[in-house]
Amino acid sequence: MKVNDNISFEYEERSMLSKTDYDVLVSDYSKLTNNKLSITNIYFDTKDLILTKSGMVLRLRNSNGQLEITLKIKDKHFDKEINHPISSFSNNILPLNKPIL
C-alpha cells in the first residue's frame, strides 16, 4: 500500500526454498522474460545494532544503476518503508560522478 511517493507499507511473507525448487523457479521465470535485473543491496547499522534492535533496517540499493536509500520500520502487520532516490541529494553530500559500489 503506497501512502505517497516516498512512503509505502508492505506485507512480506518469506519462504525457504530448497536449491532444487529455487533452480526450477529461476528456470521457469527466465522462460517468461528476457529482462535482466541487477540489484545490489548494502545494509547499515551501528556496531551495537541499534537499528536492528529497534526493528529498523537502513538499506542502500543499486537497481540497474538507480540508487535509492530505504528505511524500513517494523510493525505488527506491515513494514513501513521510506524510500528516497539518491539522485535528489546534493553532490556535496554524495559525489554522484564517482562510483560508490
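Before I start: I call a residue buried under 20% relative accessible area, exposed over 50%, and partly exposed in between, with a 1.4 Å probe and protein chains only.

**Ground rules.** I'm working on a predicted model, where local features need pLDDT of at least 70, side-chain atom pairs count only at pLDDT 80 or more, and totals for chains, interfaces and linings use all residues. Residues are numbered from 1 along each chain as its sequence is written, and side-chain values use heavy atoms, with hydrogens and water left out.

I looked up valine 26 and found it partly exposed, because its relative accessibility is 40%. Valine 26 sits in helix H1, residues 19-32. (Helices are DSSP runs of H or I with at least four residues, strands are E runs of at least two, and both are numbered from the N terminus.) Which residues form a nonpolar patch on the surface with Val26? I get Leu17, Tyr22 and Leu25, and the four together have about 380 Å² of accessible area. The area comes from the Shrake-Rupley method with a 1.4 Å probe, and for residues only the protein chains shown count as cover. For a patch, I take residues with over 30% relative accessible area and no salt bridge, joining nonpolar side chains (Val, Leu, Ile, Met, Phe, Trp, Tyr) within 5 Å and like charges within 9 Å. A salt bridge here is a side-chain nitrogen of Lys or Arg within 4 Å of a carboxyl oxygen of Asp or Glu.

Next I followed the pairing, which takes at least two DSSP bridges between two strands. E3 (residues 56-63) runs antiparallel to E4, with eight bridges; one pair I checked is leucine 58 with leucine 71 in E4. Two residues separate E3 and E4 in a hairpin, and asparagine 64 in that turn has a positive phi of about 50°. E4 is also antiparallel to E5 (residues 79-85), through six bridges, and there glutamate 68 has proline 85 as its bridge partner.

**Lys72.** Is lysine 72 buried or exposed? I have it as buried, because its relative accessibility is 14%. Lysine 72 belongs to E4, residues 66-73. Its side chain makes a polar contact with the side chain of glutamate 81 at 3.4 Å. (That needs N or O atoms within 3.5 Å; within protein, one must be able to donate a hydrogen and the other to accept it, and residues adjacent in sequence count only if both atoms are side-chain atoms.)

**Ser38.** Last, I checked serine 38, in the loop between H1 and strand E2 (39-44). Serine 38 touches Asn62, Ser63 and Asn64, leaving aside residues up to four places away in sequence; contact means heavy atoms within 4.5 Å.
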